[in-house]
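Please read these notes with the structure open beside you. They go point by point, from local details to the chain as a whole.

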Amino acid sequence: MADQKGLTYKDAGVDIDAGNDLVDEIKPLAKSTKRAGVMDGLGGFGAFFDLRAAGYQDPILVSGTDGVGTKLKVAILANKHDTVGIDLVAMCVNDLVVQGAEPLLFLDYYATGKLDVSAGRDIIKGIAEGCIQAGAALIGGETAEMPGMYSEGDYDLAGFCVGAVERGQELTGANVKEGDVVLGLASNGLHSNGFSLVRRVVEAAGLDYAAPAPFDAERSLAEALLDPTKIYVKSTLAAIKSGGVNALAHITGGGLVENIPRVLPDGLGVDIDASSWKLPAVFSWLAEAGGIANHELARTFNCGVGMCVIVDADKADVLTKILQDGGERVTTIGTVVKRDSGELVNISGIETWQS
């Protein structure tokens with residue numbers, strides 16, 4: 001019988017050759033993130049990591065996973081994919097370092113309806129850059145081409161990170177006490193939270209993502225909104241190593257109001273002075289254009305503070321210098337106080353944000 005032409009996987013919308021092309025493109029990117037402890041390269045069914053080779057004697061593993069959220073919609077609309085990978089890494093590693101853990105290895109999940117090798121390369125390039133900034137190795141991942149699951153051009157990202165901390169050196173917040181000082185580390189804009197509200201404001205204002213940003217005429221609105229999440233790993237690990245750091249709080253969804261209490265022992269709260277730092281222009285614009293109240297800003301966005309470091313009062317100056325030497329803009333924004341009821345984070349001076 002003559003051979004009959006049958007359906008192929010490519011006919012169904014999955015291009016194996018394109019997937020292989022992307023793997024070839026990203027191998028050197030993954031190799032650029034290699035660090036002590038990595039035992040092999042990409043291509044296997046799994047990856048080995050040697051904790052002893054990484055310098056650990058009695059490690060506790062710390063793991064985390066996160067995504068980029070609807071910030072991806074802005075990247076897709078702008079056809080700008082080179083920074084969302086940094087966001088992906090940042091959202092994971094910043095959560096790990098809050099536990100006192102050093103990020104060691106990172107894996108990504110990239111899912112799309114139809115694989116665009118160029119966009120995929122840009123995305124992985126950003127992931128590799130984020131891993132370099134965090135000192136983590138990109139040791140693997142998964143690219144899933146799923147026609148029918150995503151609209152044309154759409155994709156989603158998830159990240160998975162594993163870190164380690166020597167036993168007895170983990171940060172739990174248990175050592176936080178009344179009188180501790182709260183240091184605020186400046187954010188790099190919106191980071192990766194609140195974008196459903198951001199996109200709603202843009203839509204209501206009838207703005208074009210390609211037009212100049214209302215708060216930054218030198219860049220398009222998309223470029224300004226896509227500023228990547230700051231990675232705080234190396235600077236905060238240096239501060240932790242020096243002693244006197246009692247807790248870290250990564251300011252993500254929920255803002256200052258919701259995230260700081262996650263590291264406070266019972267019976268303690270924090271008083272924050274919002275007039276101690278200047279609200280970045282992107283947040284002022286959102287507040288005005290969207291009619292967003294100050295308290296809503298503080299419980300939705302980072303408002304210019306991407307990480308809080310709670311430290312012994314007598315170590316605050318030394319730790320500020322260490323963090324500054326690590327590239328951070330540091331402001332003393334508050335103190336730890338006794339508080340048994342009500343909102344654990346009291347923000348004063350918030351009226352200065354829209355004065």
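1. Start with Asn79, which sits in the loop between helix H2 (71-78) and H3. The model is predicted. The phi of Asn79 is near 55°, a positive value in a residue other than glycine. Most residues other than glycine have a negative phi. Asn79 has 61% relative accessibility and therefore counts as exposed, the cut-off being over 50%.

2. Compare Cys303, in the loop between helix H10 (294-298) and strand E10 (305-311). Cys303 also has a phi near 55°, again a positive value in a residue other than glycine. Is Cys303 buried or exposed? Its relative accessible area is 0%, so Cys303 is buried. Asn79, by contrast, counts as exposed.

3. A further positive phi belongs to a glycine. Helix H7 is followed by Gly243, and the phi of Gly243 is near 95°.

4. Helix H7 itself spans residues 233-242, and its buried residues are Val233, Ser235, Thr236, Ala239 and Ile240. An α-helix has 3.6 residues a turn, so residues three or four places apart point the same way. What lies over the buried residues of H7? The cover includes helix H3 (84-97), helix H4 (117-134) and helix H11 (316-325), together with strand E2 (102-112), E5 and strand E8 (245-250).

5. Leu171 is placed in the loop between strand E4 (155-166) and strand E5 (181-186). Although it is in a loop, Leu171 is buried, because its relative accessible area of 11% is under the 20% cut-off.

6. Ala30 and Asn346 are 316 residues apart in sequence, and 44 Å separate their C-alpha atoms. Ala30 is part of helix H1 (residues 16-31) and is buried, with a relative accessible area of 7%.

7. How many disulfides are there? The count comes to zero. Cys131 is in none, and the nearest cysteine sulfur to it, that of Cys161, is 7.3 Å away. Cys161 is likewise in none; for Cys161 the nearest cysteine sulfur is that of Cys92, at 6.3 Å. Cys131 counts as buried at 0% relative accessibility, and Cys161 is buried with a relative accessible area of 1%.

8. Now the protein chain as a whole. Its secondary structure comes to eleven helices and twelve strands. A compact globule of 355 residues would have a radius of gyration near 20 Å, and the 22 Å of the protein chain agrees with that. Along the principal axes, the C-alpha atoms fill a box of roughly 85 × 55 × 35 Å. Of contacts between residues at least 6 apart in sequence, 84% join residues at least 24 apart.

9. Last, the surface and the charges. Buried residues make up 50% of the 355 residues. The protein chain exposes about 16600 Å², of which carbon and sulfur atoms supply 49%. There are 29 positive and 48 negative side chains, and the centres of the two sets lie 3 Å apart.

Conventions: Residues are numbered from 1 along each chain as its sequence is written. This is a predicted model: local features need pLDDT of at least 70, side-chain atom pairs count only at pLDDT 80 or more; totals for chains, interfaces and linings use all residues. Side-chain values use heavy atoms; hydrogens and water are left out. Helices (H or I, at least four residues) and strands (E, at least two) are DSSP runs, numbered from the N terminus. The radius of gyration is taken over C-alpha atoms; the globule rule is 2.2 Å times the number of residues to the power 0.38. Buried means under 20% relative accessible area, exposed over 50%, partly exposed in between (1.4 Å probe, protein chains only). Contact means heavy atoms within 4.5 Å. Accessible areas come from the Shrake-Rupley method with a 1.4 Å probe; for residues, only the protein chains shown count as cover. Lys and Arg count as positive and Asp and Glu as negative; His and the chain ends are not counted. The place of a charge is taken as NZ of Lys, CZ of Arg, CG of Asp or CD of Glu. A disulfide is a pair of cysteine sulfur atoms within 2.5 Å.
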